[in-house]
2 protein chains.
Amino acid sequence: MPDEFEVIAAMSKAAGKPPKGYSQIGDDVAVVTPRPGRVVLKTDMLVEHTDVPAGMTYRQAARKAVAMCVSDFASKGVRPDSFMISLGLRRGVDKEEVEMVALGLRDAVERWGVHLVGGDTNEAEELIVGCSMVGFAKRVVDRGGASPGDALVVTGAFGLPPAGLRIMLGGAKAKARFGQEARRSVLEPEPSLDVGVALAPYLTSAMDSSDGLARSIHTLARASGVGFVVERLPAAGGVMDFADANDLDGDKLILEGGEEYVIVGTIRARDVRAAERAVKKAGGELTVVGRATERKEVVLEVGGRLEAIRDVGWTHLGRR
Amino acid sequence: MPDEFEVIAAMSKAAGKPPKGYSQIGDDVAVVTPRPGRVVLKTDMLVEHTDVPAGMTYRQAARKAVAMCVSDFASKGVRPDSFMISLGLRRGVDKEEVEMVALGLRDAVERWGVHLVGGDTNEAEELIVGCSMVGFAKRVVDRGGASPGDALVVTGAFGLPPAGLRIMLGGAKAKARFGQEARRSVLEPEPSLDVGVALAPYLTSAMDSSDGLARSIHTLARASGVGFVVERLPAAGGVMDFADANDLDGDKLILEGGEEYVIVGTIRARDVRAAERAVKKAGGELTVVGRATERKEVVLEVGGRLEAIRDVGWTHLGRR
């Protein structure tokens with residue numbers, strides 16, 4: 001069984017050689033060279049029994065812990081610079097598991113171009129991967145800037161992660177290709193970092209959708225003092241068929257699923273075209289799904305009728 | 001049982017109103033206004049079953065999680081600016097426990113003048129309090145700058161926390177006043193922040209002593225490529241009597257105890273007087289306990305004889 005020092009050695013290897021002005025893993029503190037703007041920080045914690053479904057490797061879990069922070073940065077239009085990892089490992093963890101965690105961190109370093117500058121190793125009763133991330137930005141998009149008339153936009157489609165979880169944990173049926181895609185969305189989430197950075201100049205408000213689309217829209221509504229009419233649900237291809245085949249409510253899967261890595265935001269109506277072009281250039285696709293309203297309700301327009309969208313999503317420690 | 005939103009509300013209350021240029025708790029990311037210098041970061045994680053002995057309240061545990069980070073900043077001579085908290089709470093945690101955690105964070109905010117700018121709430125199988133801290137500094141004292149001839153200094157005395165743990169967990173006997181002081185050192189650790197900041201200009205190397213005095217001296221020796229002769233063990237008052245009364249090895253208690261919050265560092269011999277004055281002005285006391293040597297060994301001088309000091313201390317996941 002590896003001890004703390006062997007764990008630190010594995011993490012240092014994952015970090016690679018630090019660039020000039022950045023500290024090597026292993027001192028009491030980490031040092032990063034600032035860039036212009038304000039300092040943007042995020043901390044998130046992956047906990048084995050709630051965040052690591054059966055079938056997810058330690059490599060994927062470690063990568064996911066970083067993805068969770070990257071997703072928040074992406075939704076604010078900020079490119080992250082560096083991160084630290086706080087590990088809780090079971091006593092008796094084996095060398096291969098530690099190496100898998102290190103590989104997952106290496107995956108994250110390479111995927112999102114962030115520096116792993118420090119960390120902390122502990123003993124815990126389950127795998128814990130705490131990620132703390134830092135970046136720099138002149139402007140940080142907040143949640144409270146939407147005005148009536150703004151377009152409600154999303155940077156991707158919804159429903160794959162909740163479908164994937166139901167396949168992995170509940171034995172839901174799925175066609176081979178859809179099943180693969182759905183599982184992959186759970187195991188190797190892809191935050192829209194380049195898209196978020198490209199989109200930021202146009203956003204009047206934004207947040208990520210890790211607690212689900214409905215929760216995100218309601219949160220933007222509350223913070224901005226507006227309502228929203230949702231005109232179309234951004235369903236990922238195959239989600240409605242999957243829902244039908246498994247007697248699930250497709251709309252609910254899309255609205256209340258959670259664990260999504262899509263940016264939900266608002267844009268002034270006159271900026272929509274330019275924003276679409278910017279997002280396309282960054283390799284993504286922007287979809288207008290509704291509009292902000294003065295009337296402070298969040299509703300779905302279905303064939304000319306308005307239905308309330310419930311403020312339901314993932315709540316840690318919530319009643320289930 | 002409080003859910004995530006009630007937890008966030010309690011933490012926001014603990015944070016208080018943010019100063020201008022700092023974000024309020026609750027958005028996807030936290031924003032901090034930078035000060036001159038490089039960005040200094042630290043993450044540490046308090047885990048209930050290893051870091052929270054029986055008799056420690058949730059309020060003390062939360063304060064301790066922040067103290068662990070403050071201690072690292074102090075040893076590098078850097079005043080921390082802000083911190084984030086990543087909480088893991090048991091399902092079924094009650095409102096009073098959450099309020100105790102919030103009170104402990106408030107204690108930390110007030111004690112060390114740091115801003116609580118963000119956090120994250122999760123469900124875990126035991127209490128987890130992850131602290132991520134940021135500060136700014138033009139110079140960060142590292143571990144590798146000691147030269148032969150430098151004085152080895154400490155900013156406090158050793159042995160109280162290991163004695164306190166033995167009293168709390170092992171039923172060791174102690175005189176009333178010593179027992180109180182020893183328990184307090186465990187329950188409400190006091191990192192030497194003002195002292196560390198005052199001392200920093202004189203330090204050629206330094207680190208904290210959370211893994212014990214012997215481990216700190218050996219680490220500075222390795223990083224700096226020197227050895228050390230320790231001429232006196234900095235025993236806290238009453239530790240030797242406590243060791244005798246409980247058939248414990250007093251030297252071992254002082255050298256290998258761990259959970260200490262004292263700065264261990266080196267200073268050029270000619271700077272010792274000025275450093276002593278600076279530390280006194282900051283409310284502390286500097287003690288010279290030995291000197292750096294060219295010979296790369298760490299030894300204790302006892303009555304003219306040299307005895308090797310073992311590189312032993314607290315190792316997470318270590319063989320015990």
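In which sense do strand 8 and strand 10 of chain B pair, and over how many bridges? Keep that in mind while you look at the structure, which is a predicted model.

Here is what we find. Strand 8 of chain B covers residues 227–230, strand 10 of chain B covers residues 287–293, and the two pair in the antiparallel sense over four bridges.

Now let's step back to the whole sheet. In chain B, seven strands make an open sheet with mixed pairing, and their order is 7-9-6-10-8-11-12. Which strands sit at the edges? They are strand 7, residues 203–208, and strand 12, residues 305–308, of chain B, and each of them pairs on one side only. Going from neighbour to neighbour in this sheet, the strands are turned by 30° against each other on average, with direction ignored.

A helix joins the picture here. Helix 3 of chain B, residues 58–75, packs on the sheet and touches strand 7 as well as strand 9, residues 263–267, of chain B. The direction of helix 3 makes about 170° with that of strand 7 of chain B.

Let's move over to chain A and look at two helices. Helix 1, residues 4–15, and helix 4, residues 95–112, of chain A have axes 8 Å apart and pack at an angle of about 25°.

Who meets whom? From helix 1 of chain A come residues including A:Val7, A:Ala10 and A:Met11, and they face residues of helix 4 of chain A, among them A:Val98, A:Ala102 and A:Leu105. By class, this contact of helix 1 with helix 4 of chain A has eight nonpolar residues, three charged and no polar ones.

Finally, the domains. Chain A is divided into domain 1, 4–137, and domain 2, 151–308, and their C-alpha centres lie 27 Å apart. Domain 1 of chain A brings 18 residues to the contact and domain 2 of chain A brings 21. On the domain 1 side, helix 3 of chain A, residues 58–75, gives the most, with 10 residues. That side divides into eight nonpolar, five polar and five charged residues.

Technical notes
Residues are numbered from 1 along each chain as its sequence is written. Chains are lettered from A and ligands numbered from 1 in the order in which they are written. This is a predicted model: local features need pLDDT of at least 70, side-chain atom pairs count only at pLDDT 80 or more; totals for chains, interfaces and linings use all residues. Two strands pair if DSSP finds at least two bridges between them. Axes are lines fitted to C-alpha atoms, for helices over the stretch in contact, and angles run from 0 to 180 degrees between N-to-C directions. Two residues are in contact if their C-beta atoms, placed from the backbone, lie within 7 Å. Ala, Val, Leu, Ile, Met, Phe, Trp, Tyr, Cys and Pro count as nonpolar, Asp, Glu, Lys and Arg as charged, and the others, Gly among them, as polar. Domain bounds come from an automatic or database domain assignment.
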